[in-house]
Amino acid sequence: MLEQKEHKFDILGRDYDIKNIGKVTGEEKYSCDINIPGQLHAVILRSPYAHAEIKEVDYTEAEKMGAICIGPQDVPDVIYNERIVSIPAKTYRDRTVFPKDKVRHVGEAIAACAAETEGKAFEALKKIKVIWGEKWEPLVTLDDAMSPDAPAIYDNVFLGEERVKISNNLACDRNIDVGDIEEGFKEADIIADETFDVQRVYHMQLETKSAVCQPEADGGITLWTTTQGIHNVRILLGQIFSIPLSRINVKRITLGGSFGSSIQMNSVTPICVALALKARKPVKLVTTREEDMYDHSSYPLKTRLKVGVKKDGTLTAAHCQVWLEIGGHNIQAYPYLGCVAGWFASLYRWKNLRYEGKAYYSNKGPACARRGYGSPQVNFPVENMIDILAEKLGMDPIEFRRKNYVGKGEEFWGQGPTVRSLIRSCGVEEMLDRGAELIEWDKKSELKNKNGKIKRGIGVARGFHTSGTGGPKAGEVIDYSGATVKINEDGSVDVITALMDHGGGTWEAGAKVAAEVLKVPFEKVSIDNGVDTRTTVFDVNTHATRGVYCGCGAIKYVAEKVKEMLLNYAATLFEDRPENLVLALNEELGQGIIYPIDLPEKYKTIAEIADHARINSVGTFVYTSTLRQKNCPPCFITYFTEVEVNTETGEISVPRVVMMGDSGTIINPELWKGQILGAYALGIGLGKLEDIPYNKESGKLNCNGLITDFKVPITTDMPHTDNITVEHAHTYEPTGPFGAKGIGEAALSAVASSFGNAVYDAVGIRFHKLPITPEVMLKALQDKNRIGGKNKDAH
Amino acid sequence: MRKIPIKFTINGQQKEALVQSNELLINLLRDELYLTGTKYGCGIGECGACTVFVDDELVLACLTLAVTVDGKEITTIEGLAKGKELHPMQVSFLKNAAVQCGFCTPGMIMTAISLMKENPDPSEEEIREYMRGNICRCTGYTQIIKAIKEYAHNMKA
């Protein structure tokens, strides 16, 4: 049954092509495009060692060349975590701006120089002398890091205000029990126990991290930097440099992609600030691609999953153990382990579950959030397991999913065990049915080419993400957004918000929501840049697929207050009660109008009313507030991938895909599709291309910072445009702005899983490790032939 | 280091500059002429974000020495629109939601225009093949390919 009610909108659901003009003309400004007269250019000295003691950093000779330099001795002793989205009591802190005692990964920043040109800064950088002390062998794999003989990367760190000891490089862990799994497994007729590895990948957002900092006369700073949250950057800089927040102004500026890599304040930001404060001049710092690759990546996840099921397909118990290897700093392993538990727990009705998660430090670049925040990593084991169990039960994989998914009315662990809410809108059934119809699931066996070198198969997988991190009770994750909405004197509207747009259309959605509430043409609403921490109220961060549900939720809440002010004033002009007035969009006039009910010819435009308020010194219709959403509704997705495996070359191509998404009301139709299409490419990268291993001896990246060696999907990796179908479920989220929920991270959750299940369908090999490169495929095919072509597992 | 005087035309305007022998075109464009629409994505010719035209030929500004543009005509993304009127390829990108974060977009549009000059009626496979040097991490390329197809279709009509 379709849940969507009849909702008619004036502006939502239409496509406009005006918001991105600056991006096609080259006029859009990103942090790296900011230039301030008299600015110095900065470069960073980075560690060539993975784990080594720093005895001394001497830049005397570099400063003699006229450069401004900073080293560990110059940065504050403040130990911080660059991500402050979680509450302080649940935030691990282990770093300073530069390490004071030792480096923990190759590429870790240890000093920096600023000079008139980048060239001069590099010349000066070469003169910096570093005296190294003891060096330890790099720990570059989970097994290395977990080994009892492994050198300690940390002795102790802080959790909130408390100092905690680190043993065996265990950064943190989380254990959760629901019900009784021993009893649950006793009830099961079939038990499967499998291990999976999803690799570490690099975000490879097109814009590398950068910052431009201008020191101000009052001791404050103005800053342009790549970030998903200007307020958190300001708060952190205030803590590190002891500057009142009123004197730190972080400008909101367009991001050249992020995918989670700027949830935390990026490592270059405080370095740029420290240089600018010392130089008392503006400083610009733009990192190279290689530097960026050492700076952030996703968390790799190893999962052991044991699941019990009855013959009729009812799940009885699941035991999920995960291990993370997190790199040299613990940015967010603790909340990540909680979220992985949540994604796992909310996919299917396990009935009884046990979750055990452990995170280990290693000598690699620090892992951080990446689109999906652990969901693609745990979705791969779960969705493979569901297919494994369906096969054992002799049940259709779609039927098995339908029987066990967590849906409407059930509890959803939005962002881990502390953020729980009830599901109110759910398009899972519709997406399974419609997707199966579009991909012709019932004719799947006809695809099989038993004897040729090309083997075909189709796989299904489903996933979701939360829309934000709100729950009935405030949990471990801070979640609220603010906005100012102002009707200008000509009837146009300014929306002033710290909400970020990563490219997915969040700002366009925000402008549409304000336009829909105030019945103003979309073109007359500005949500543009030129705002900053000084002019906006707090917004926790644009992460967790919260842009539309939480950020635009706040815009709607505030716009409704402004609408009330407008109608109250209009009532005085019409000499009527506000509830007897109608606010409507008049497309012919290109204006919002107000008229007494049933008397549309007596209208006044919003422009007339706003200007009347100005001329009569009444005031401006403006409101500022914040909103905390008390739910985090899941945006579900269901994908059907068809693959072709060339058994001679080992190459896997994707000739056809059907992608279904459930976002409630769709605000930006084409950009919404764009989120799904873009995520699909990222997922195919995860499935068959991307990996970012480090060398065991040197601790350096094997790809040497080269994109072509890291390998990302290019134009030829995607299916023909005619063979890609994207559709949405017809749902309405009652707690969302105009019925909307998110999509961004959900879109990636099940891509690699549907790909892996399709590969199994094609060649009968269950791959437990990603990526499935041609080399991996060929080896697995050879192994399979050796055992007489039976279905098998590849680890 | 001795600086070398060069003269060139940039987006229709004549300019002179003093450049070092090892200076790259991308730095001349971004840091001296403040044409920041040409983007740095890798610095070594892997991503295509810095694609510009030099004498109608597609080049990567991060792999081109500034001295080599002496006497030549350069077109960057800023030079495509005629006043307020966008180039039809820019319009097609906007109409097809082929733009997300926008960081790859300038290079994509320059490469797509070059393709159209060489092959006004390309098949989808030919478009994908020609565009393979331009990396986009947001769109999954589909809407970009559609934008280019639509442009070709409109030009034919």
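This is a predicted model: local features need pLDDT of at least 70, side-chain atom pairs count only at pLDDT 80 or more; totals for chains, interfaces and linings use all residues.
Local features are given at pLDDT of at least 70 and side-chain atom pairs at pLDDT 80 or more, while totals for chains, interfaces and linings use all residues. Residues are numbered from 1 along each chain as its sequence is written, and chains are lettered from A in the order in which they are written.

**View 1. The largest nonpolar core and A:Leu275.** A nonpolar core is a set of buried Ala, Val, Leu, Ile, Met, Phe, Trp, Tyr and Cys residues joined through C-beta atoms within 7 Å. This one has 303 residues, of which A:Ala112, A:Cys113, A:Ala114, A:Leu275 and A:Ala514 touch the most other members. Helix α14 (residues 547-574) of chain A gives the most to the core, 13 residues; helices (H or I, at least four residues) and strands (E, at least two) are DSSP runs numbered from the N terminus. Beyond its neighbours within four places in sequence, A:Leu275 is in contact with A:Ala42, A:Ile68, A:Ile70, A:Ala112, A:Ala114 and A:Val283 (contact: C-beta atoms, placed from the backbone, within 7 Å).

**View 2. The side of chain A that touches chain B.** Contacts join 44 residues of chain A to 44 residues of chain B. On chain A, the elements giving two or more residues are α1 (21-25), α16 (669-689) and α17 (707-710). The largest share, seven residues, comes from α16(A). This side divides into 17 nonpolar, 18 polar and nine charged residues (nonpolar: Ala, Val, Leu, Ile, Met, Phe, Trp, Tyr, Cys and Pro; charged: Asp, Glu, Lys and Arg; polar: the others, Gly among them).

**View 3. Packing of helices α2 (residues 88-95) and α5 (residues 142-156) of chain B.** Their axes are 8 Å apart and meet at an angle of about 130°; axes are lines fitted to C-alpha atoms over the stretch in contact, and angles run from 0 to 180 degrees between N-to-C directions. This makes α2(B) oblique to α5(B) (under 35 degrees is roughly parallel, over 145 roughly antiparallel, 65 to 115 roughly perpendicular and the rest oblique). From α2(B), B:Pro88, B:Met89, B:Ser92 and B:Phe93 make the contact, and from α5(B), B:Ala147, B:Glu150, B:Tyr151 and B:Asn154. Five of these residues are nonpolar, two polar and one charged.

**View 4. Surroundings of A:Val477.** A:Val477 lies in the loop between β21 (454-465) and β22 (481-487) of chain A. A:Val477 is buried because 27 other C-beta atoms lie within 10 Å (buried: 20 or more; exposed: 12 or fewer; partly exposed: in between). Leaving aside neighbours within four places in sequence, A:Val477 is in contact with A:Val85, A:Ser86, A:Pro335, A:Gln415, A:Val419 and A:Thr469.

Note on methods:
Two residues are in contact if their C-beta atoms, placed from the backbone, lie within 7 Å.
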